[in-house]
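I opened my notebook to look at how two chains sit together. Here is what I looked up, entry by entry.

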Amino acid sequence: MKKLRTILAFVAIVSLAAGLFLRQDVRVDERAVLVELAPDAAFSEKAGSPPHYRSDRGAAAFNSHDVRPETRGYAGPIKVLVVLGSDGRIKGLKILSHRETKNYVYYMETPAYLGRFVGKSVYDRFEIDKDLDGISKATVSVEALARSVRDSSRAVAANVYGLQTASEGHVSAGSWSWLWYALLVLFGGTGYVLTRQDRRYLTMRDISLVAGMLIIGVYLASPFSVLHLFNLALGRPSSSLLWYVLVGSTLASLLVAGRFYCGWLCPFGALAELVGRVPLRKWSLPVRHDDRWRKLKYILLVLVTPVVFLSGRVDYGNYEVYITLFAVHGNAFAWTLTGLMVIANVRVPRFWCRYLCPVAAVTGILTRQEPAYVSRHDCPMGNKPNPDTSECIRCNRCLHRDAPAISRS
Amino acid sequence: MTDQNKSTLLLSGASVLVLLVLSSNVFLDDYLAGLGERARRRMHYENTIQKRGLDLHKGMYWKEKE
């Protein structure tokens with residue numbers, strides 16, 4: 001494990017540093033987008049404060065990020081080219097770039113959704129689920145889009161057209177999502193501490209997992225993902241409080257309770273365990289065979305990390321089935337993989353977690369050794385006796401307080 | 001077929017699928033979408049700008065010239 005840790009750290013640092021030197025921000029041709037948005041108008045060069053293009057018909061076009069760079073979505077700024085009429089109404093808009101996970105925001109990018117902004121006035125409220133439709137599972141991104149378009153349009157309307165606009169507005173929906181997550185972590189954490197003392201509380205784990213599936217998976221659609229860590233490493237924090245609670249609590253729990261997230265909260269892990277309880281014969285796999293294939297998840301992580309860091313494109317590294325499943329979006333390959341990974345649990349419990357999950361790989365690498373987890377016949381991960389702690393999801397069934405300290409690398 | 005062979009087959013299939021998903025992230029979403037974008041701009045150039053005998057830069061302002 002020490003060797004794997006070193007290899008991953010080396011690959012991550014080298015590719016991150018190389019990416020900083022080699023990567024160039026993709027420049028979007030704003031003029032080409034202007035032709036698309038207003039084919040009959042001719043625009044001047046970009047100038048003025050805030051920077052904008054002026055058309056022969058009186059409209060102004062601008063990149064929302066030039067005007068309000070501080071507005072960020074879940075994983076970074078959402079840059080929008082907006083054409084604003086002199087009456088303060090939006091004539092057209094198109095998203096130039098964003099760093100959100102595409103599975104969640106695919107509808108937000110479509111002309112059908114963006115068309116709902118057309119005709120809106122700078123005096124409108126731009127409130128999700130009030131005068132603008134929300135998008136299920138993309139609340140943070142849609143809020144950021146609305147805020148970015150509204151605030152930048154108001155600034156341009158005030159400075160270019162001299163219109164009197166409100167400087168602030170209220171956009172709220174899903175603002176309390178972080179609280180649901182925090183409460184779930186609190187419940188799971190309490191269960192974790194209690195089951196370490198007394199196994200009679202083990203039912204709390206089942207409750208925590210089902211709640212995790214419903215709250216993190218179905219309601220919030222925000223399972224912890226390796227993409228969170230890639231964004232963190234690339235210095236792209238979010239403006240969402242949920243993001244901080246999610247990433248912060250998972251990293252903190254990793255320090256004190258290893259793969260607690262996998263064993264107590266992960267919505268896909270919960271589904272895998274539920275499917276694994278189907279009373280069908282499980283495959284009997286030799287320990288050597290099982291051990292060898294468990295390395296696959298680390299190999300995939302080591303392969304994907306440089307691709308993401310060199311390209312700066314976090315979405316390139318997305319093969320996580322829980323994103324496809326809970327975002328309810330993915331291509332044919334992603335859905336086939338997701339279906340296969342759900343069904344496989346019938347024969348091999350927690351199949352995805354054992355062999356392929358990148359979160360299992362990264363949390364496994366970062367977890368510290370804990371010899372008190374000795375494994376037993378009903379281990380949800382099918383671990384061998386005295387397994388490496390990187391494979392333990394801390395269900396606390398096998399916790400053996402008097403276990404001798406075993407040094408493993 | 002033994003359980004070990006079945007598991008090897010399943011894992012190999014899953015690995016291939018993961019590689020296909022990763023490849024599609026890079027090529028399907030971006031590269032092919034980029035090809036479509038380039039084709040659209042080429043058509044705009046040939047149908048609108050080149051017809052009027054303008055160079056690319058002036059083509060941006062052909063409306064203004066008219």
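**Where the chains meet**

I began with the area buried between chain A and chain B: about 3,000 Å², with carbon and sulfur atoms giving 68% of it. This is a predicted model, and I kept that in mind throughout.

I then looked up who takes part in the contact: 39 residues come from chain A and 28 residues from chain B.

**Charged and polar links**

How many salt bridges are there between chain A and chain B? I noted one. In that salt bridge the side chains of Arg281(A) and Asp3(B) meet, at 2.8 Å from N to O.

I also looked for polar contacts across the interface of chain A and chain B, and found seven residue pairs, with both residues at pLDDT 80 or more.

**The side of chain A that touches chain B**

I saw that helices H2 (30–37), H13 (287–294), H14 (296–311), H16 (332–343) and H17 (351–355) of chain A each supply at least two residues here. H16(A) gives the most, with six residues. By kind, I sorted this side of chain A into 23 nonpolar, six polar and ten charged residues.

**Confidence**

For the complex, I noted an ipTM of 0.76 and a pTM of 0.75 from the predictor. Chain B has a mean pLDDT of 76, and 59% of its residues reach 70 or more. Within chain B, confidence is highest in helix H1 (residues 3–49), at a mean of 82, and lowest in helix H3 (residues 62–65), at 51. A reminder to myself: where pLDDT is low, the predicted coordinates should not be read in detail.

Technical notes
Residues numbered from 1 in each chain as written. Chains lettered and ligands numbered in written order. Heavy atoms only, no water. Contact = heavy atoms within 4.5 Å. Buried area = accessible area lost by both parts, 1.4 Å probe. Salt bridge = Lys/Arg side-chain N within 4 Å of Asp/Glu carboxyl O. Polar contact = N/O pair within 3.5 Å; in protein donor to acceptor, adjacent residues only side chain to side chain. Helix = DSSP H or I, 4+ residues; strand = E, 2+ residues; numbered from the N terminus. Nonpolar A, V, L, I, M, F, W, Y, C, P; charged D, E, K, R; others polar. pLDDT = per-residue confidence, 0-100.
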